[in-house]
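Student: I have a new model open and would like to learn how to read it feature by feature. Could you walk me through it?

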Amino acid sequence: MNEITITTYDKSPKNKNKQRKQKIDIDIDINNILALTTARGNNSKWPKLYVSEYAEPLELPDQNFDDVKNRLIEASPSDSKDKSPIFIPVGSKVLVNYHNVVQIKKLTREIVLVDDRVIDDIDEQLLAEFESQVEIIRRKEKEQHDNYTRWFWDNLEKLNKEMALRNEHKFLKLFGTIEENVAFIFFIMIINITLSLILIILTGIILHKL
């Protein structure tokens, strides 16, 4: 789990009616962060962080959008071998975790997040660039998934062949080849027949003397 410590206002009931808002530090899983925006709404002057566990965006007091953006990008894990970041800037005012994007609406200039919240009023060109980046990353992810699946099945077939050869080697080591087994059985049969003939001859000699 990749977590980041964020300073925000304490929203517990005991602090709601205080004129001076109390600030607290909370640890948030990077994967649960949906987006970061600059101040939105008349009552806000600080960046806002959209997090899946919270119904409303968290206001980040005394913090700068660019600083928080850089912290998120630095703290976030990179996807697979090509090191694709999970956060993608949309212009200079929005940062989005593309894993948590459900839909990109270019006509209404909106990004719809997994919890149905909407980030709107985004420049159409910036939105198109964001959509293009998401498509490139997701195409790479699909190719990597297909390559991994192909590698898995190829190696599984190879592993099964090696296992079969190993088992066959163990069997031959214990019991020999079929030809060796037949020769051995034939040799035992000859010995048995010879011993039986000797026993019959001895029995005949003893009976003759009696």
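This is a predicted model: local features need pLDDT of at least 70, side-chain atom pairs count only at pLDDT 80 or more; totals for chains, interfaces and linings use all residues.

Student: Thanks! How many helices and strands does the chain have?

Tutor: The chain has four helices and 12 strands. Of its 210 residues, 27% are buried. The exposed surface comes to about 15,100 Å², with carbon and sulfur atoms supplying 56% of it. Among contacts with a separation of 6 or more, 46% are between residues 24 or more positions apart.

Student: Now the sheets. What is the general idea, and in which order do the five strands of the open sheet come?

Tutor: In general, the strands of a sheet pair through backbone hydrogen bonds, and the pairing is either parallel or antiparallel. Here the five strands follow the order β5-β4-β3-β9-β8, and their pairing is antiparallel. At the edges are β5 (58–59) and β8 (87–90), each of which pairs on one side only. Helix α2 (residues 65–75) packs on this sheet, touching β3, β4 (48–51), β8 and β9. The direction of α2 makes about 155° with that of β3.

Student: How many bridges join β3 to β9?

Tutor: Three bridges join β3 (residues 33–37) to β9 (residues 94–97), and the two strands run antiparallel.

Student: On to charges. How many salt bridges does the structure hold, and how should I read one of them?

Tutor: There are six salt bridges in the structure. For each, ask where the partners sit along the chain and how exposed they are. Start with K23 and D62, whose side chains meet at 2.6 Å, N to O. This pair links distant parts of the chain, with K23 in strand β2 (residues 23–29) and D62 in the loop between β5 and α2, 39 residues apart. K23 is partly exposed at 45% relative accessibility, whereas D62 is exposed at 54%.

Student: What does the salt bridge of R109 and D121 tie together?

Tutor: Their side chains meet at 3.4 Å, N to O. R109 lies in the loop between β10 and β11 and D121 in the loop between β12 and α3 (124–175), so the pair ties together parts 12 residues apart in sequence. R109 is partly exposed at 34%, while D121 is exposed at 58%.

Student: And how far apart in helix α3 are K142 and D146?

Tutor: They are four residues apart, so about one helical turn separates them. The side chains of K142 and D146 meet in a salt bridge at 3.0 Å, N to O. K142 is exposed, with a relative accessible area of 54%, and D146 is partly exposed at 29%.

Notes. Residues are numbered from 1 along each chain as its sequence is written. Side-chain values use heavy atoms; hydrogens and water are left out. Two strands pair if DSSP finds at least two bridges between them. Contact means heavy atoms within 4.5 Å. Axes are lines fitted to C-alpha atoms, for helices over the stretch in contact, and angles run from 0 to 180 degrees between N-to-C directions. Buried means under 20% relative accessible area, exposed over 50%, partly exposed in between (1.4 Å probe, protein chains only). Accessible areas come from the Shrake-Rupley method with a 1.4 Å probe; for residues, only the protein chains shown count as cover. A salt bridge is a side-chain nitrogen of Lys or Arg within 4 Å of a carboxyl oxygen of Asp or Glu.
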